[in-house]
Amino acid sequence: MGSVSSDDGSDQQSERCGSYSLSADVSESESCSSFSCRRFDGEGCSSSMTSSPRLLTAGGFGFRVPVMLPVIGGKDVVIWDDEKPEKRDADLSEVEMMKERFAKLLLGEDMSGGGKGVCTALAISNAITNLSATVFGELWRLEPLAPQKKAMWRREMEWLLCVSDSIVELVPSIQQFPGGGTYEIMATRPRSDLFINLPALKKLDAMLIAMLDGFRETEFWYVDRGIVVGDCDAYTSSVSGGRPSIRQEEKWWLPTPKVPPNGLSEDARKKLLQCKECTNQILKAAMAINSSVLAEMEIPTAYLETLPKNGKACLGDIIYRYVTADQFSPECLLDCLDLSTEHHTLEIANRIEAAVHVWKQKDQKKHMNHMKVRRSSWGGKVKGLVTDSEKNNFLAQRAETLLHSLRLRFPGLPQTALDMNKIQYNMVLFTNSL
């Protein structure tokens, strides 16, 4: 294929193909750069031209020179570079941010590269937790999320959850031949827990964000503690200017809500009550998903190895005496315990949960020993093993009932030591993230 690159052949090429030639005002320095473009005519001839990667102006009129790209058939494609530099910079920054996020995931949060990082499942879970704290950690007002934070939440959650698209399981599927007849193959589908729970969590997330977006124009407003606002004097009332609650006195950094002198209108009250009920339902649904996923996780060996040898060492004398008594009432026992602070309540929950698994472990060991000596002649010893096994199972059920009553009384109780160990040592992707 011949190439016409000299000035003598340019006129001939222009007559045959109707080629485009740059204006004479374009300097030679602008046409000599690393970017080159070759165009082809219908007869196989070509002409080469080079242009600067900078925006060129033709004839001094300030418009950009089009870039000519070749296609089959002898026609030219003209591409005008209309993309704004700001958009290109934003796209590049998002790409760099995505690279940074996935680099941390691949390294298991060990930036030294020494292979001492956490597993991928825990790294993804920690990334979602940190992102949630960044976006919602300082949300103390009923108002829409900032556009930047909302965009960050959706963008980075999409990055982190894209891994779940490749997590599948094989299931039998019936396919039909074109000419008739059927055959069975193994088809792929999303893993069952992700297929059920992930869309539900996405729906709950969208509902919460939409609910916050509804608080754009409200009849109430917020005032920072310790800052005197001039407009607040006109709206001072017994409702809005009274003594702050004990919770607000302890958490002095929280903003104080203010309402007009006559209070909120009936429509505003109904809207707030409706949002409250909807939020409670969302919380219950999320906690139900969280509890079911945690219940399906295996108990890590590291947790079982740290348990005491017996239930009395876990519970202490007082709780153990109540649990092993003939008359057992979980509510009466909880009334006798010190549950004044969240720290004490969580400590008691950890002790009860530890006793449950101590008794369950003993029950399993006794059952295995019973199966081994079942056919032997040690009748009395076998009878004793069965009695101990039944007792351990009975005490474990009582402790589980007590723990369930404690969770019902304190629905906002943080994760227990067992839950945190399950999340830390879980190796199955996206179960702890759910």
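Buried means under 20% relative accessible area, exposed means over 50%, and partly exposed lies in between (1.4 Å probe, protein chains only). This is a predicted model: local features need pLDDT of at least 70, side-chain atom pairs count only at pLDDT 80 or more, and totals for chains, interfaces and linings use all residues. Residues are numbered from 1 along each chain as its sequence is written, and side-chain values use heavy atoms, with hydrogens and water left out.

**View 1. Glu 100 and Lys 104 form a salt bridge.** A salt bridge is a side-chain nitrogen of Lys or Arg within 4 Å of a carboxyl oxygen of Asp or Glu. Here the closest N and O atoms are 3.8 Å apart. Glu 100 is partly exposed, at 40% relative accessibility. Lys 104 is partly exposed too, with a relative accessible area of 35%. Helices (H or I, at least four residues) and strands (E, at least two) are DSSP runs, numbered from the N terminus. An α-helix has 3.6 residues a turn, so residues three or four places apart point the same way. The structure holds 10 salt bridges.

**View 2. Helix 6 covers residues 192–213.** Its 22 residues should span 32 Å at 1.5 Å a residue, and the end C-alpha atoms are 32 Å apart, which agrees. The expected span is 1.5 Å times one less than the number of residues. Which residues of helix 6 are buried? They are Asp 193, Leu 194, Asn 197, Leu 198, Leu 204, Ile 209, Met 211, Leu 212 and Asp 213. These buried residues pack against helix 5 (147–161) and helix 8 (266–296).

**View 3. Leu 204 of helix 6 touches Ile 282, Ala 285 and Ala 286.** That list leaves out residues up to four places away in sequence. Contact means heavy atoms within 4.5 Å. Leu 204 is buried, with a relative accessible area of 13%. Leu 204 and Ala 285 are 81 residues apart in sequence. In space, their C-alpha atoms are 8.4 Å apart.

**View 4. Asp 213 and Lys 150 meet in a salt bridge.** The N to O distance is 3.1 Å. The pair links distant parts of the chain, with Asp 213 in helix 6 and Lys 150 in helix 5, 63 residues apart. Are these two residues buried or exposed? Both Asp 213 and Lys 150 are buried.

**View 5. Helix 8 has 31 residues.** At 1.5 Å a residue it should span 45 Å; its end C-alpha atoms are 46 Å apart, which agrees. Its buried residues are Ala 268, Cys 275, Ile 282, Ile 289, Val 293 and Leu 294. What covers them includes helix 6 and helix 15 (417–425).

**View 6. Lys 360 forms a salt bridge with Glu 400.** The closest N and O atoms are 2.6 Å apart. Lys 360 lies in helix 13 (residues 342–372) and Glu 400 in helix 14 (residues 379–409), so the pair ties together parts that are 40 residues apart in sequence. Lys 360 is partly exposed, with a relative accessible area of 34%. Glu 400 is also partly exposed, at 34%. Elsewhere, Glu 331, Asp 335 and Arg 409 are linked in a network of salt bridges.

**View 7. Leu 170 is found in strand 6 (residues 168–176).** Leu 170 is exposed, with a relative accessible area of 56%. Leaving aside neighbours within four places in sequence, Leu 170 is in contact with Met 186, Ala 187 and Thr 188. Leu 170 and Arg 191 are 21 residues apart in sequence and 8.8 Å apart in space, C-alpha to C-alpha.

**View 8. Two stretches have pLDDT under 50: residues 71–80 and residues 228–243.** pLDDT is the predictor's confidence in each residue, from 0 to 100. Its mean for the protein is 74, and 67% of the residues reach 70 or more. For residues 71–80, the model has 21 contacts beyond four places in sequence. Residues 228–243 have 18 contacts beyond near neighbours in sequence. Where pLDDT is low, the predicted coordinates should not be read in detail.
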